[in-house]
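Welcome! Here is a friendly walk through the structure shown below, for anyone meeting it for the first time.

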Amino acid sequence: MAEQRVQWFKFASPPNFYDLAGRLAPWFGGLAAILFVVGLYVGFVLAPPDYQQGNSYRIMFIHVPTAWMSMFLYVLMAVYAAIGLIWRVKTAEVMAKAIAPTGALFTFLALWTGALWGKPTWGTYWVWDARLTSELILLFLYLGYMALHAAIEDRQRAANASAILALAGVVNVPIIYFSVVWWNTLHQGASITVTSAPTMETVMFSALMLMTFACWMYAIAVVLWRARLELLERERRAAWVLERMGEKA
Amino acid sequence: MNGLATALFTLLRRDLILALRRRQDALVVLGFFVVVVSLFPLGVGPDPQLLRSMAPGVLWVSALLATMLSLERLFSDDFRDGSLEQILLAPQPLSLMVMSKILAHWLITGLPLVLISPLLGMQLNLDGTEILTLMAALLLGTPILSLVGAIGAALTLGLRGGGVLISLLILPLYVPALVLGAGAVDAVMYGSSAQAHLSLMAALLILTLLLAPWAIAAALRIMSD
Amino acid sequence: MIEFLAMGGHGPYVWGSYGVALVVLVAELVLLSRRRTAMNRRLARLARLNRENGAEPSPDS
């Protein structure tokens with residue numbers, strides 16, 4: 001047990017994390033590229049047009065994965081923020097900060113593709129549908145997190161303060177979601193459930209899964225990459241950074 | 001235990017006395033609320049039916065914005081004159097001391113909003129039961145606004161441009177209170193009962209009472225060390 | 001091919017979605033790589049100063 005603890009802290013120490021992330025990130029990136037290509041092939045070539053929606057349903061293969069990612073990443077960010085806050089693990093703080101921009105980006109993409117899917121399906125770019133509305137609020141939460149991080153100059157204080165905000169947000173996300181769903185049903189807005197088609201063909205489902213995994217791999221690669229840069233910036237005075245930079249120069 | 005009660009009461013009384021000495025702060029918030037609500041008819045036209053159907057949302061959004069306006073000074077005055085440091089160093093639990101400050105904030109800014117809301121409701125053509133529901137919803141909802149807002153106020157303590165930042169941090173977190181509060185009045189307007197909305201709002205208030213003080217205390221410690 | 005691109009009349013929506021997704025993801029990668037270049041240059045300078053002077057490097061240089 002004690003040995004395991006040592007192992008864990010060894011991995012969490014900045015230089016080890018920096019080296020390991022540097023070795024892993026290209027693999028995740030490459031995997032993401034392959035999965036994107038295969039997923040798009042299955043989604044665009046193998047999958048037939050939908051009998052109701054024609055070809056516009058193919059937006060699902062990018063819309064649903066980005067929407068899922070936007071929510072997973074927020075929770076993941078809050079988990080890392082909590083680890084950083086409670087156990088003072090510097091790499092966890094850096095990971096939380098590194099996740100935010102990618103999460104915001106996926107949220108934006110979910111909104112954008114949702115709007116473009118809405119036009120041919122509902123006849124309008126934007127409806128105050130429960131899912132789109134929650135995504136919009138999630139985007140605001142991401143932006144608030146990044147704004148607070150940027151506003152505080154002291155890095156340690158910025159990490160701790162935004163961790164509190166991320167935790168407040170993650171408690172609120174389900175409440176926001178259910179209140180928005182409730183608001184939506186009471187106002188009888190457009191609530192066409194496009195994503196939960198009752199009989200999704202296997203080929204469509206596999207395209208969706210491939211694209212979801214591709215987004216995961218992409219997110220992991222980019223977050224690890226950004227976390228390495230954040231770590232360098234935070235630790236630029238540390239001996240291990242100078243050592244590694246000295247080798248390159 | 002007695003010492004704790006005394007400390008909390010002393011803090012509450014101090015905040016209230018300070019607020020009475022600087023009455024204009026509370027009045028500005030109230031005035032803002034009244035002016036924003038009164039401007040809406042000028043923007044959308046005087047059609048009574050339209051105003052009536054918009055009233056719950058307009059009143060609630062204005063209440064959110066008015067609360068927002070008052071948040072920046074919640075801790076910053078105490079931070080500047082050093083009394084916040086005294087509160088942090090006090091032997092009493094910080095989360096309880098924070099509750100006492102928030103109670104004072106609610107009495108100064110939240111309660112006046114509740115009390116003036118019938119007048120504004122009548123301006124927007126709400127009838128008797130709708131106004132009562134509006135007051136009940138605001139009575140349950142404004143403490144939530146103070147509590148959640150205090151998290152934002154603590155997190156932006158001592159930052160330049162903190163006031164604008166608070167709105168970005170906190171307004172998304174106000175969504176459940178807004179939905180439930182405006183929804184309660186809507187429900188009565190369309191002939192059903194507001195009981196479900198008000199019960200959920202009460203549940204939300206209890207949840208916020210349990211969790212927010214902890215977050216506020218942690219944020220104050222982080223931002224003032 | 002043209003038929004494929006037209007997407008049964010839904011081409012603008014489908015390609016608008018995927019196009020913007022591609023642009024955004026590539027933009028993120030480009031921004032990151034530019035940030036890395038800038039960081040490497042800065043840190044290399046720090047390391048060189050450190051070697052030449054043997055003094056404590058200024059954190060803000």
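A crossing of two helices is called left-handed if the near helix is turned anticlockwise from the far one by less than a right angle, and right-handed if it is turned clockwise. With that in hand, please keep in mind that this is a predicted model.

## Helix pairs

By the definition above, the crossing of H2(B) and H3(B) is right-handed. Helix H2 of chain B spans residues 23-44 and helix H3 of chain B spans residues 48-71; their axes come within 9 Å and cross at roughly 145°. On the H2(B) side, the contact includes Val29(B), Phe32(B), Phe33(B) and Val36(B). On the H3(B) side, Leu50(B), Leu51(B), Met54(B) and Val58(B) are among the residues that take part. By class, this contact has 17 nonpolar and 2 polar residues, with no charged ones.

H6(B) brings Leu94(B), Ser95(B), Val98(B) and Met99(B) to the contact, while H10(B) brings Pro213(B), Trp214(B), Ile216(B), Ala217(B) and Leu220(B). These residues divide into 8 nonpolar, 1 polar and no charged.

In chain A, the axes of H4(A) and H7(A) come within 8 Å and cross at roughly 130°. H4(A) and H7(A) are therefore oblique to each other, and their crossing is right-handed. Val94(A), Met95(A), Lys97(A), Ala98(A), Ile99(A) and Thr102(A) make the contact from H4(A). From H7(A), the partners include Ala219(A), Val222(A), Arg226(A), Glu230(A) and Arg234(A). The residues here divide into 9 nonpolar, 1 polar and 4 charged.

| Helix pair | Axis distance | Angle |
|---|---|---|
| H2(B) and H3(B) | within 9 Å | roughly 145° |
| H4(A) and H7(A) | within 8 Å | roughly 130° |

## Chains A and C, one by one

Chain A has 8 helices and 0 strands, so its pattern along the sequence reads α-α-α-α-α-α-α-α. Of the 249 residues in chain A, 48% are buried. Among contacts in chain A between residues at least 6 apart in sequence, 79% join residues at least 24 apart.

One residue to look at is Phe44(A), whose place is in helix H2 (residues 14-46) of chain A. Is Phe44(A) buried or partly exposed? Phe44(A) has 16 other C-beta atoms within 10 Å and is therefore partly exposed. Its C-alpha atom is separated by 16 Å from that of Thr113(A), which lies 69 residues apart along the chain.

Chain C has 2 helices and 0 strands. Buried residues make up 15% of the 61 residues in chain C.

## Where the chains meet

Which chains share the most contacts? Of the 2 pairs of chains in contact, the answer is chains A and C. Their contact takes 30 residues from chain A and 25 residues from chain C. On the chain A side, helix H4 (90-122), helix H7 (202-234) and helix H8 (239-248) each supply at least two residues. H4(A) provides the largest share, 8 residues. This side of chain A has 18 nonpolar, 5 polar and 7 charged residues.

Chain A also touches chain B, with 24 residues of chain A in contact with 19 residues of chain B. Helix H5 (130-151) and helix H6 (155-186) of chain A are the elements that give two or more residues to this side of chain A. H6(A) gives the most, with 15 residues. By class, the side of chain A that touches chain B has 19 nonpolar, 4 polar and 1 charged residues.

Chains B and C are joined by no contact, and their closest C-alpha atoms lie 22 Å apart.

## The nonpolar core

The largest nonpolar core has 160 residues. Those with the most contacts inside this core are Met77(A), Ile164(A), Ile151(B), Ala154(B), Leu155(B), Tyr174(B) and Ala219(B). H7(A) gives the most to the core, with 18 residues. Leaving aside its neighbours within four places in sequence, Ala154(B) is in contact with Phe75(B), Ile216(B), Ala219(B), Leu220(B) and Met223(B).

Terms used. Residues are numbered from 1 along each chain as its sequence is written. Chains are lettered from A and ligands numbered from 1 in the order in which they are written. This is a predicted model: local features need pLDDT of at least 70, side-chain atom pairs count only at pLDDT 80 or more; totals for chains, interfaces and linings use all residues. Two residues are in contact if their C-beta atoms, placed from the backbone, lie within 7 Å. Helices (H or I, at least four residues) and strands (E, at least two) are DSSP runs, numbered from the N terminus. Ala, Val, Leu, Ile, Met, Phe, Trp, Tyr, Cys and Pro count as nonpolar, Asp, Glu, Lys and Arg as charged, and the others, Gly among them, as polar. A residue is buried if 20 or more other C-beta atoms lie within 10 Å of its own, exposed if 12 or fewer, and partly exposed in between; C-beta atoms are placed from the backbone. A nonpolar core is a set of buried Ala, Val, Leu, Ile, Met, Phe, Trp, Tyr and Cys residues joined through C-beta atoms within 7 Å. Axes are lines fitted to C-alpha atoms, for helices over the stretch in contact, and angles run from 0 to 180 degrees between N-to-C directions. Angles under 35 degrees count as roughly parallel, over 145 as roughly antiparallel, 65 to 115 as roughly perpendicular and the rest as oblique.
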